[in-house]
Each structure stands twice: as structure tokens, then as C-alpha cells.
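Please keep the sequence and the model in view while reading.

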Amino acid sequence: AALVQQDLESILESTLQLIDARRCLIVGKGWGAQKAAELADSERLGDRIDGLVLIPSGYTAPHLHDSIDVPVLLAWSQDDRIPDEDLEGEEGTACWIRTLDQCGTPILFQQTRSAELDLYQLLEDASLVSRLQLFSAASLLIAELQEADDDRNSNQLARLNQSLPSFLQTTQGARDPLRLLQTIAQWIQAGLPTATE
């Protein structure tokens with residue numbers, strides 16, 4: 001029998017418990033991209049997932065309840081077909097874009113090499129690895145800021161602000177977690193540009 005949603009939720013919960021982690025980033029390729037999105041959309045585990053790296057490789061987006069509120073890196077390969085907006089029905093990357101757009105989450109788009117490659121081969125691409133590193137740091141910063149409450153020491157917010165590339169640092173960010181969170185989300189949405197880009 002195939003794994004169902006409850007099985008995957010139990011596996012993820014057990015894994016987090018085993019490694020003594022509260023939250024995680026999930027990477028899914030092909031069918032795994034669908035399942036990763038469903039896990040982030042679930043009531044049971046949605047708040048334990050800080051970001052998604054999805055490489056759909058031709059799989060369509062699952063039906064979501066619009067509750068994914070974490071950053072998403074959506075990667076597609078050079079040989080994936082990206083349908084025109086005018087086509088009837090939703091398929092491929094366009095379907096994922098529309099589905100994730102409805103959730104209102106920051107989305108980073110990244111092109112990869114062939115869809116035929118496995119995840120380890122994809123991670124040989126220095127451009128993808130660089131984007132993954134920046135995306136992961138940004139996603140974890142957003143999660144940390146969302147947990148921040150008014151009683152949290154302002155020194156921690158200043159440290160988080162200083163962790164950003166210098167061109168993103170704000171004087172307001174050290175005092176205002178919402179402003180810093182918005183700045184990071186906008187950076188992701190803009191494609192995680194570096195200071196030289």
C-alpha cells in the first residue's frame with residue numbers, strides 16, 4: 001500500500017522528535033513536491049515547517065487549503081514545459097505558480113538542469129546551491145521573527161538584522177520585527193539578489 005498523508009505526517013513528527021528539532025525545511029522532487037506542499041498545508045504539521053523547496057518535475061500542484069504561509073523555492077528544469085497563461089486547464093509549473101500565489105507566500109523561482117537528474121545531481125549545480133543557502137537562511141529568519149513576541153530582547157532582533165546582507169539591513173529592523181520580516185519576504189520575492197546584482 002502507498003503512503004498516505006497521515007503516514008507522512010507521522011514520519012516527519014518522529015524524525016523531528018528523534019533529532020530534537022521543533023521545525024524544518026522540506027525538499028520535495030516530483031511526487032515528493034506534491035507531498036511536501038500537502039505537509040506544509042496540513043493542520044497537524046504546518047506550523048513546524050519553515051520553508052519548502054519544491055522541484056515538481058512535471059507533477060501538478062495538489063489542491064491546497066491556502067494555508068501555506070512559508071517561503072517556497074520553486075525550481076523547474078530547463079526541459080520542463082511551462083504552459084502559456086492562456087491554456088485551458090492548469091498543468092506543470094504554471095499550476096504551481098497559481099496555487100502558491102493564492103497562498104500569498106513569498107516564492108523564489110529557480111531554473112535547474114534536466115528534470116531527469118536526481119536530487120544529488122541537481123545539487124552539483126553551484127547556482128542552485130547558492131540560492132538554496134540564501135533561501136534557507138531567509139526562511140529560518142522569517143520563522144524566527146514570526147515567533148518573536150514583544151517581550152523578546154531587542155538584541156536578538158539586532159543580531160538577526162545584522163545576519164542579513166548589508167544592503168538589506170534596516171535601522172528600523174533592529175526594533176521592528178514586522179518590518180524586518182517584510183524586508184526578508186520582499187528579498188525572497190525579488191529572487192534573493194546579492195548586493196552586486
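A search of the whole structure finds 0 disulfides, a disulfide being a pair of cysteine sulfur atoms within 2.5 Å. Cysteine 24 counts as buried because its relative accessibility is 13%, and cysteine 103 counts as buried because its relative accessibility is 13%; here buried means under 20% relative accessible area, exposed means over 50%, and partly exposed lies in between, with a 1.4 Å probe and protein chains only.

The model is predicted, so local features need pLDDT of at least 70 and side-chain atom pairs count only at pLDDT 80 or more, whereas totals for chains, interfaces and linings use all residues. Residues are numbered from 1 along each chain as its sequence is written, and side-chain values use heavy atoms, with hydrogens and water left out.

**Overall architecture**

The secondary structure of the chain comes to 7 helices and 4 strands, where helices (H or I, at least four residues) and strands (E, at least two) are DSSP runs numbered from the N terminus. Read from the N terminus, the elements follow the order α-β-α-β-β-α-β-α-α-α-α. Of the 197 residues of the chain, 45% count as buried. Among contacts between residues at least 6 apart in sequence, 63% join residues at least 24 apart, a contact meaning heavy atoms within 4.5 Å.

The 4 strands form an open sheet in the order 1-2-3-4, with parallel pairing; two strands pair if DSSP finds at least two bridges between them. Strand 1 (24–29) and strand 4 (107–112) stand at the edges with a single partner strand each, so one side of each is left without a neighbour in the sheet. From one strand to the next, the twist averages 15 degrees; axes are lines fitted to C-alpha atoms, for helices over the stretch in contact, and angles run from 0 to 180 degrees between N-to-C directions. Helix 5 (residues 126–147) packs on the sheet and touches strand 1, strand 2, strand 3 and strand 4, its direction making about 155 degrees with that of strand 2.

Strand 1 and strand 2 run parallel and are joined by 6 bridges, and glycine 28 stands opposite leucine 54 in strand 2. Strand 2 (residues 49–55) pairs with strand 3 (residues 72–77), also in the parallel sense, over 3 bridges, and leucine 52 stands opposite valine 72 in strand 3. Strand 2 is mostly covered, with 7 of its 7 residues buried.

**The nonpolar cores**

A nonpolar core is a set of buried Ala, Val, Leu, Ile, Met, Phe, Trp, Tyr and Cys residues joined through side-chain atoms within 4.5 Å. In the largest such core, of 25 residues, Leu52, Leu54 and Ile68 touch the most other members. At least two residues of this core come from each of helix 1, strand 1, helix 2 (31–41), strand 2, strand 3 and helix 3 (92–103), and helix 2 gives the most, with 5 residues. Helix 2 is itself mostly covered, as 8 of its 11 residues are buried; among them are Ala36, Ala37, Leu39 and Ala40. Beyond residues up to four places away in sequence, the contacts of leucine 52 include Ile26, Ala36, Ala37, Ala40, Ile68 and Phe135. Apart from this core lies another, of 20 residues, among them Val53, Ala75, Leu128 and Leu192.

| Residue | Relative accessibility | Class |
|---|---|---|
| Glutamate 9 | 7% | buried |
| Leucine 12 | 13% | buried |
| Aspartate 20 | 73% | exposed |

The side chains of glutamate 9 and serine 42 are joined by a polar contact of 3.4 Å, that is, a pair of N or O atoms within 3.5 Å of which, within protein, one must be able to donate a hydrogen and the other to accept it, residues adjacent in sequence counting only if both atoms are side-chain atoms. Leaving aside neighbours within four places in sequence, glutamate 9 is in contact with Leu39, Ser42, Arg44 and Leu45, while leucine 12 is in contact with Cys24, Ile26, Leu39, Leu45 and Ile49. The C-alpha atoms of leucine 12 and isoleucine 26, which are 14 residues apart along the chain, are separated by 9.8 Å.

Aspartate 20 has a phi near 55 degrees, a positive value in a residue other than glycine. Most residues other than glycine have a negative phi.
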